Amino acid sequence: MATGTRGDVVLDIRGLRTHFFTDDSVIRAVDGADLAVRRGGTLCVVGESGCGKSAMARSVLQLVEPPGRVVGGRILLYPSEGADDPVDLASLHPTGRRIRAVRGREVAMVFQEPMSSLSLVHTVGDQIGESLRVHHGMSRRDARGRAVELLDRVRVPGSARVVDSYPFQLSGGMRQRVMIAMALACGPRVLVADEPTTALDVTTQAQILDLFDDLRRDTGMGVLFITHDMGVVAEIADEVAVMYLGTVVEQGPVDEIFHDPRHPYTRALLEAVPRIGVPRSRRLPTIRGAVPAPGTRPTGCVFRTRCPEAVEGLCDTTVPPVTVPGPGRRVRCLLQEGPADGTTGEETTPTGEESVHVD
Ligand SMILES: Nc1ncnc2c1ncn2[C@@H]1O[C@H](COP(=O)(O)OP(=O)(O)O)[C@@H](O)[C@H]1O
Ligand SMILES: [Mg+2]
């Protein structure tokens with residue numbers, strides 16, 4: 001996080017911009033997002049559908065598909081010791097050698113729908129072992145042995161049998177465990193998980209969240225966990241980044257975000273969470289209005305068209321800078337008092353669509 005020391009930060013995203021260039025418009029899916037993941041910590045990115053969470057997650061590994069691409073900002077991946085210079089993943093060519101060396105080995109990703117990333121025609125063991133063979137030159141036999149260990153680690157019962165099975169023979173929860181085993185194979189420093197439990201029933205979801213937490217503790221990797229569900233945030237996050245229309249409007253420690261939310265959007269998200277003790281007949285409040293259509297970004301503060309507190313003549317004309325309401329906290333709201341954050345990665349060339357790729 002920009003307000004703390006950078007010593008324990010493993011992934012630092014600054015001023016990231018990822019746009020989709022369609023025939024008739026430019027969709028600014030991510031537009032100046034800042035966040036930081038700590039070693040051994042779980043940062044949850046939360047926001048409604050369409051806010052750019054997946055585009056941001058995919059940007060980290062340069063997996064944004066055309067017509068989208070990373071057009072600005074930095075994605076700094078820090079090496080283990082913290083002393084060396086970080087690599088800027090945003091500057092790497094999406095199909096180049098360097099990003100391919102990072103994928104799977106240093107940063108791994110788990111998606112919402114395991115079947116979209118698993119092969120139908122290869123066994124579970126072959127798929128888990130593939131990155132070990134590619135990145136570490138392991139023999140097929142050794143990779144299979146390691147795959148069994150990894151299946152045990154993600155608590156797949158009967159690992160010696162499952163290793164030779166095919167994904168379609170497994171339940172949704174087991175497939176997601178296989179995906180997590182694949183992600184862990186090379187001992188990544190960062191695990192990016194994009195709504196990995198959204199397609200699962202609540203019991204399986206709880207088990208997978210526990211698993212993520214145990215793995216994070218055991219390995220010390222940093223987890224960037226994406227969800228639209230504040231209940232999941234409460235379960236798993238140390239820190240929370242609240243995303244709206246491509247920007248992070250608030251970031252801070254989970255307890256503070258829940259007990260003292262500063263951004264009106266964070267408050268609205270929290271008010272929409274069901275509460276224990278409130279009669280079921282009472283309808284849940286929803287956030288008024290809808291996320292604006294892609295390609296139509298409000299001027300000034302992006303949330304102001306739905307904000308109950310918006311001030312005319314201020315919120316529609318001024319882009320909110322980052323203020324620091326307390327240690328480790330950042331918020332982008334013009335109604336917030338507090339010192340400005342002098343350490344954000346805001347780019348000085350906000351309109352440039354150019355990006356420089358090195359490989
Ligand atoms: N392939 C694409 N082409 C055009 N627009 C896209 C594409 N993928 C995503 N978008 C747009 O980018 C925005 C962010 O999408 P996404 O990152 O999927 O949001 P989230 O994961 O928060 O639901 C949305 O407005 C979406 O319509
Ligand atoms: Mg998504």
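This is a predicted model: local features need pLDDT of at least 70, side-chain atom pairs count only at pLDDT 80 or more; totals for chains, interfaces and linings use all residues.
Buried residues account for 45% of its 359 residues. Of the contacts between residues at least 6 apart in sequence, 64% join residues at least 24 apart.

**The sheet**

Strands of a sheet pair through backbone hydrogen bonds, either parallel or antiparallel. Seven strands of this chain form an open sheet with mixed pairing, in the order β6-β7-β8-β3-β9-β10-β11. At its edges stand β6 (107-110) and β11 (330-331), each of which pairs on one side only. Within the sheet, β3 (residues 42-46) pairs with β9 (residues 239-244) in the parallel sense, over four bridges. In this pair, V46 stands opposite V242 of β9.

| Helix | Strands touched | Angle between directions |
|---|---|---|
| α7 (residues 172-184) | β6 and β7 (190-194) | about 170 degrees with β6 |
| α11 (residues 264-271) | β3, β9 and β10 (247-253) | about 105 degrees with β9 |

Which residues of α11 are buried? They are P264, Y265, T266, A268 and L269. These buried residues pack against the strands β3, β9 and β10, and also against the helices α9 (230-236) and α10 (254-259).

**The nonpolar core**

The largest nonpolar core has 95 residues, of which V45, A181, L224 and V242 touch the most other members. Helix α7 supplies the largest share of this core, with eight residues. Why does the core lie between domain 1 and domain 2? Domain 1 (9-106 + 188-331) and domain 2 (115-187) both give residues to the core, so the core lies between them.

The contacts of A181 can be listed individually. Leaving aside residues up to four places away in sequence, A181 touches I128, L150, L151, R153 and V154. V242 has a part in two of the descriptions above: this residue stands opposite V46, and V242 is also among the core residues that touch the most other members.

**The surroundings of ligand 1**

How many residues surround ligand 1? The shell consists of 16 residues, and the closest are A29, K53, S54, A55 and P294. Helix α1 gives the most, with three residues.

Methods:
Residues are numbered from 1 along each chain as its sequence is written. Chains are lettered from A and ligands numbered from 1 in the order in which they are written. Two strands pair if DSSP finds at least two bridges between them. Two residues are in contact if their C-beta atoms, placed from the backbone, lie within 7 Å. Axes are lines fitted to C-alpha atoms, for helices over the stretch in contact, and angles run from 0 to 180 degrees between N-to-C directions. A residue is buried if 20 or more other C-beta atoms lie within 10 Å of its own, exposed if 12 or fewer, and partly exposed in between; C-beta atoms are placed from the backbone. A nonpolar core is a set of buried Ala, Val, Leu, Ile, Met, Phe, Trp, Tyr and Cys residues joined through C-beta atoms within 7 Å. Domain bounds come from an automatic or database domain assignment. A residue is near a molecule or strand if its C-beta atom, placed from the backbone, lies within 6 Å of it.
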